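Please look through the sequence and the model shown here. The paragraphs after it walk through some of its parts in turn.

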Amino acid sequence: MNATALRALGILGGEQLVRLMTRIREGDDALEDDLFQMERAASSLAMAAPPALPPTDLKRRVLSRVAADGYYFLHERDSEWEPTEYAGAYVRQLFIDTRGQSETRLVRLSSGTPPGALAELAGADFYLISGDLHVDGASLEFGDYFHAGASALTGKSGQGCVLFTVVTGGSRAPRGASRSRVTVRPSEGEWAEEGGPGVTTKALGSDPDGGIEMRLVRMEPGASWKSHLHDGPEEVFVIRGSWRCLGTNLHPGDFHRAGVGTEHETTSSAPGCKLIIVKHLSA
């Protein structure tokens, strides 16, 4: 295959590419016309191919990489639950950060899911969206936050559950023996006003190994959360209510990510809302 054909297909590189483009810049009209014809042919071939849906995981990775440095929105209706190797266990990918080596996801476990699945599917920190989960002696219910500590987890759900979690490179690595497990119930922890009248936040916990902090934000009906900059990526998952951000309305199950260096203009909630916020400490 000649150089112009390889260039048209986007696979010519190195010294060959330099020589080809140098000849064209120096006025080789025949070569330039040949490249033009090859590019037209390549475009026609691409258009003639039958449409095909990419695998869900590949599509999410591509879209996530494109949006990594900007703003990303994922509505619940636009993503699917994918089966795992464990019976009754499913994952819904919210964002895959290939550079930061982390994946923000929902995990759904049924009553028949084997206990060892939790250690493989969840990160070091997770928040229970629904159902119940019994984790090595701790009984968790809706609204509970759990930090895994140093050892691997085993967990069993009596009636099925859904949890929000971030799986990171640090989450998969062996954890320090000094890290202890932490459970934060809905009635525990301090709510503090932050970001404007009617906006309160509660810290849940952090995973220094994975480089994340997790907290809750409550907005009263009609409240506005003032604008702020992001020195690291910030992720938002809507638990209840409705949240308006950058002209987009997000509802329960919807997800948003703002990349490092971005700014959130003032956001608002007409009916009020409750959000999970994940701050990535390192971009």
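Are Tyr72 and Phe95 buried or exposed? Both Tyr72 and Phe95 are buried, where buried means under 20% relative accessible area, exposed over 50% and partly exposed in between, with a 1.4 Å probe and protein chains only. This is a predicted model, in which local features need pLDDT of at least 70 and side-chain atom pairs count only at pLDDT 80 or more, while totals for chains, interfaces and linings use all residues. Residues are numbered from 1 along each chain as its sequence is written, and side-chain values use heavy atoms, with hydrogens and water left out.

The count of aromatic pairs comes to five. Rings of Phe, Tyr and Trp (its six-membered ring) pair if their centres lie within 6.5 Å; planes under 30 degrees apart count as stacked, over 60 as edge-to-face and the rest as tilted. Tyr72 and Phe95 form an edge-to-face pair, with 5.0 Å centre to centre and 80° between the planes. Tyr72 is in strand β1 and Phe95 in strand β3, 23 residues apart; strands (E, at least two residues) are DSSP runs, numbered from the N terminus. Phe164 and Phe237 form a tilted pair, 5.4 Å centre to centre with 40° between the planes. Phe164 lies in strand β9 and Phe237 in strand β16, so this pair ties together parts that are 73 residues apart in sequence. Phe164 and Phe237 are buried.

These two residues also belong to a core. The largest nonpolar core has 21 residues, and Phe164 and Phe237 are among those with the most contacts inside it. Such a core is a set of buried Ala, Val, Leu, Ile, Met, Phe, Trp, Tyr and Cys residues joined through side-chain atoms within 4.5 Å. Strands that each supply at least two residues of this core include β9 (161–168), β16 (234–241) and β22 (273–280). A second, separate core of 19 residues includes Leu109 and Phe146.

Strand β16 is largely enclosed by the rest of the structure, because six of its eight residues are buried. Two strands pair if DSSP finds at least two bridges between them. Seven bridges join β16 to β22, and these strands run antiparallel. Four bridges join β16 to strand β19 (residues 255–258), also antiparallel; in β19, Phe255 is the bridge partner of Phe237. Ring pairs link Phe255 with Tyr72 and Phe95 into a cluster.

Glu103 lies in strand β4 (residues 102–109). Glu103 counts as buried because its relative accessibility is 10%.
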